[in-house]
Amino acid sequence: MEALGVRIAFGPVASATALAFVFGGVALGTLSGLTPGLHVNNLALLLASVAPAVPGPPRFVGAAMLAAGVVHSFLDAVPALALGVPDAAMAATALPGHRLVIAGRGREAVRLSALGSGLAVAFAVPLAVPVTHGMTVAYPVVRAHLPVVLGVVVAVLLLTEGSVRAFVGGAAAFLGSATLGHATLDLTPAAPLDAGGMLTPLFAGLFGAPVLLEAASGSGVPEQDDAAVAASRRTVAVTALTGSVAGAVVGYLPGVSAAVAAVLALAVLPGSTEARGFVVATSGVNTANTVFALFALAALGTPRTGVMVALREANAPVNLPLLLATAGIAGVAGFLLVLALGDRYLRTVGALDQLRLSAGVLVLLAALSWSFAGLIGVVVLGVATLVGLVPARYGARRVHLMGVLLGPLIVGT
């Protein structure tokens, strides 16, 4: 720690103040994680915009921001599982988590997500130093050949589709989303919120609205069975470990999302490509990425996630002991909150009328798009929704829609 210029000190007042900020961040992360359509990067930008007005030492404000990001990465799986569940007849093209919910295994999916995120934090902390060192050595070569590396990622995603029809649909989804990203990502439209950006309408349209439209005529969340996890402990642990390592890839390769990394990670785990494995791996990648990105910021001075960008913009020092302790506390809190709120969220959504629920969430996505990107954001939301409907029509994975980020990087680097 001395090499990083960090001195560890303890004091009852400082510790109590730090904990207050951390739990404040936990509360914010809980609210944002349970809000459908609110991307963690938009949360980070909001936090960065209000950070200067928050009274308190910058290091504690940074800890609160990190805690919010970690808890958000745990809880955002809950609305993803509960909302937009299609009719059982569409199970073949449903998201992996939704397939578990349709089969009555939603409570198990909630626990698999919590285990994936929780184990990822536990694995990421000891792995962060050696993995960060290795990635730091390899990154200049990767960066110099980034278009080729990302092109290989896209090719692997397409070639692992199960049929020619799915391959064609995946290619169409990639090209459509890449074109959309190239046309809109650099826009800076006037919007009610200063911490705006195009990510909210793009991601809400590509990944959120299509699922809701497909589910509008469905029967919603069916009766759920017990919460027992069917996968073995070893399978869950190995999948979470693989997802944790893949989280480092997300932290260093721009445009590679948690879903992309999860698909690549599961490709090396025969027998783990089922829905359960995808839920564990995606949750693990999503949460581990925060820890690895923290070390990447300390080692390279380069923020690789929205939360790390927010830390830098808020002038929060990279105090690794404090921030690692924050990540650990937030990880435990996120794990417990998923278990405490996940089942209740499923029950509440299951009791609602599916058409009205879908319509209400679609209105919320439109409102968020307007808040972050103005009228242009609402238009982009509509166009992105049309592109987002393509994969399911061809039986392809929705992960190809990450072309919205990958495509512009391949062409522009």
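Arginine 276 is buried, with a relative accessible area of 18%; buried denotes under 20% relative accessible area, exposed over 50%, and partly exposed the range in between (1.4 Å probe, protein chains only). The model is predicted: local features need pLDDT of at least 70, side-chain atom pairs count only at pLDDT 80 or more, and totals for chains, interfaces and linings use all residues. Residues are numbered from 1 along each chain as its sequence is written, and side-chain values use heavy atoms, with hydrogens and water left out.

Arginine 276 lies in helix α12 (residues 275-300). Helices here are DSSP runs (H or I, at least four residues), as are strands (E, at least two), numbered from the N terminus. With neighbours within four places in sequence set aside, arginine 276 contacts Leu100, Arg105, Glu108, Leu112, Ala230 and Ala231. Contact means heavy atoms within 4.5 Å.

Helix α6 (residues 106-144) packs against helix α14 (residues 320-350): their axes come within 9 Å and cross at roughly 175°. Axes are lines fitted to C-alpha atoms, for helices over the stretch in contact, and angles run from 0 to 180 degrees between N-to-C directions. The helices α6 and α14 are therefore roughly antiparallel (over 145 degrees; under 35 is roughly parallel, 65 to 115 roughly perpendicular, the rest oblique). On the α6 side the contact involves Gly106, Arg107, Val110, Arg111, Ala114, Leu115 and Val121. On the α14 side it involves Ala327, Phe335, Val338, Leu339, Gly342, Asp343 and Leu346. The contact residues comprise 9 nonpolar, 2 polar and 3 charged. Nonpolar covers Ala, Val, Leu, Ile, Met, Phe, Trp, Tyr, Cys and Pro; charged covers Asp, Glu, Lys and Arg; the others, Gly among them, are polar.

Helix α14 has 31 residues and reaches 42 Å from its first C-alpha to its last, close to the 45 Å expected at 1.5 Å a residue. The expected span is 1.5 Å times one less than the number of residues. A kink of about 35° in α14 is centred on leucine 341. The bend at a residue is the angle between axes fitted to the seven residues ending there and the seven starting there.

Proline 189 sits in the loop between α8 (164-184) and α9 (199-215). Proline 189 is buried, at 17% relative accessible area. Its C-alpha atom is separated by 6.4 Å from that of glycine 374, 185 residues apart along the chain. Beyond neighbours within four places in sequence, proline 189 contacts Met198, Ala373 and Ile376.

In helix α17 (residues 403-412), the buried residues are Gly403, Val404, Leu406, Gly407 and Pro408. Their cover includes α7 (146-159), α8 and α9.
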